[in-house]
Amino acid sequence: MTTCRNEVATGIRPLIFGIVAVAAVTEELGRVDVAERRLPNRLVLPLYPVVLLSLIADGAISGSNPLVGIGAGAGWLLFLLVLCLAGGMGMGDVKLGGVLGLCLGGLSVVTAIGGLMLAFVAGAIGGVIVLLRHPASGGASRRALRVPFGPFLLGGFWLAVVCFPLLADATA
């Protein structure tokens, strides 16, 4: 007879509810950030309780420590907050980064770090493309040359969710 703990450990984890919640708003967040250069609180803030509860439930059932995910979320939030205060990105990116870090931290610390790194690499490539398309700022406003970072955060998140568990399985 198998216990609930064993079935969850080899099947679907409760963290999936947090990941599905992020999936539900990914497209809209990307669309709004590209069009309006903002990430609406009405889409980002409701993710926090869903992801946090799924992270805690995942820890309770699988025996993993939810503080790892909470630490990763706090790490993402603080890192992005420093960049925001330096003028590198907006508060919407900071809030979104915190919830994405919570989710990825629930998978593993390596996944959380990898997701952030992937987001910044993709964002750098996007920034270079914008600069190449507008070599001289001439009449272009500074705002026109700003690159919305939310889609890159989400892209790094999804690449990490898909690729890092596959890499871990391949190396095990």
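Trainee: In what order do the elements of the protein run from the N terminus on?

Mentor: The model under discussion is predicted. Its secondary structure comes to eight helices and zero strands. From the N terminus on, the order of the elements is therefore α-α-α-α-α-α-α-α.

Trainee: Which residues does UniProt list for "transmembrane region", and how far apart are the end C-alpha atoms of residues 42–61?

Mentor: According to the unreviewed UniProt entry, the listed residues are 42–61, 67–87, 99–129 and 149–168. In the model, residues 67–87 are 90% helix and 0% strand, with end C-alpha atoms 30 Å apart. Residues 42–61 are likewise 90% helix and 0% strand, and their end C-alpha atoms are separated by 30 Å.

Trainee: Is Asp58 buried or exposed, and which side chain does its own side chain join in a polar contact?

Mentor: Asp58 lies in helix 4, which covers residues 47–62. Its relative accessible area is 1%, so Asp58 is buried. Not counting residues up to four places away in sequence, Asp58 touches Arg13, Pro14, Leu15, Gly63, Ser64 and Gly106. The polar contact, at 2.5 Å, joins the side chain of Asp58 to that of Arg13.

Trainee: What distance separates the C-alpha atoms of Ile61 and Pro14?

Mentor: Ile61 is also found in helix 4. With a relative accessible area of 28%, Ile61 is partly exposed. Ile61 and Pro14 are 47 residues apart along the chain, and their C-alpha atoms are separated by 8.1 Å.

Trainee: Which side chain makes a polar contact with the side chain of Thr26?

Mentor: Thr26 lies in helix 2 and counts as buried because its relative accessibility is 18%. Not counting residues up to four places away in sequence, Thr26 touches Leu154 and Trp158. The polar contact of the Thr26 side chain, at 3.1 Å, is with the side chain of Trp158.

Trainee: What is the phi of Arg37, and where does Arg37 lie?

Mentor: Most residues other than glycine have a negative phi. Arg37 is not a glycine, yet it has a positive phi of about 60°. At 30% relative accessibility, Arg37 counts as partly exposed. Its place is the loop between helix 2 (16–36) and helix 3 (41–44).

Trainee: Which element gives the largest share of the lining of the largest pocket?

Mentor: The largest pocket has a volume of about 530 Å³. The elements that give two or more residues to its lining are helix 6 (91–107) and helix 7 (109–133). The largest share, four residues, comes from helix 7.

Trainee: How do the residues of the lining of the largest pocket divide into nonpolar, polar and charged?

Mentor: The largest pocket is lined by 24 residues. Gly88, Met89, Arg146, Val147 and Phe149 lie nearest its centre. The lining residues divide into eleven nonpolar, six polar and seven charged.

Terms used:
Residues are numbered from 1 along each chain as its sequence is written. This is a predicted model: local features need pLDDT of at least 70, side-chain atom pairs count only at pLDDT 80 or more; totals for chains, interfaces and linings use all residues. Side-chain values use heavy atoms; hydrogens and water are left out. On a 1 Å grid over the protein atoms alone, a cavity is a set of points where a 1.4 Å probe fits but cannot get out, and a pocket is an open set with protein on both sides within 12 Å along at least five of seven lines; lining residues have an atom within 4 Å of a point. Grid points are joined across faces, edges and corners, and a volume is the space filled by probe spheres set on the points. Ala, Val, Leu, Ile, Met, Phe, Trp, Tyr, Cys and Pro count as nonpolar, Asp, Glu, Lys and Arg as charged, and the others, Gly among them, as polar. Buried means under 20% relative accessible area, exposed over 50%, partly exposed in between (1.4 Å probe, protein chains only). A polar contact is a pair of N or O atoms within 3.5 Å; within protein, one must be able to donate a hydrogen and the other to accept it, and residues adjacent in sequence count only if both atoms are side-chain atoms. Contact means heavy atoms within 4.5 Å. UniProt positions are given in the numbering used here, feature names are shortened, and annotations may be inferred rather than shown by experiment.
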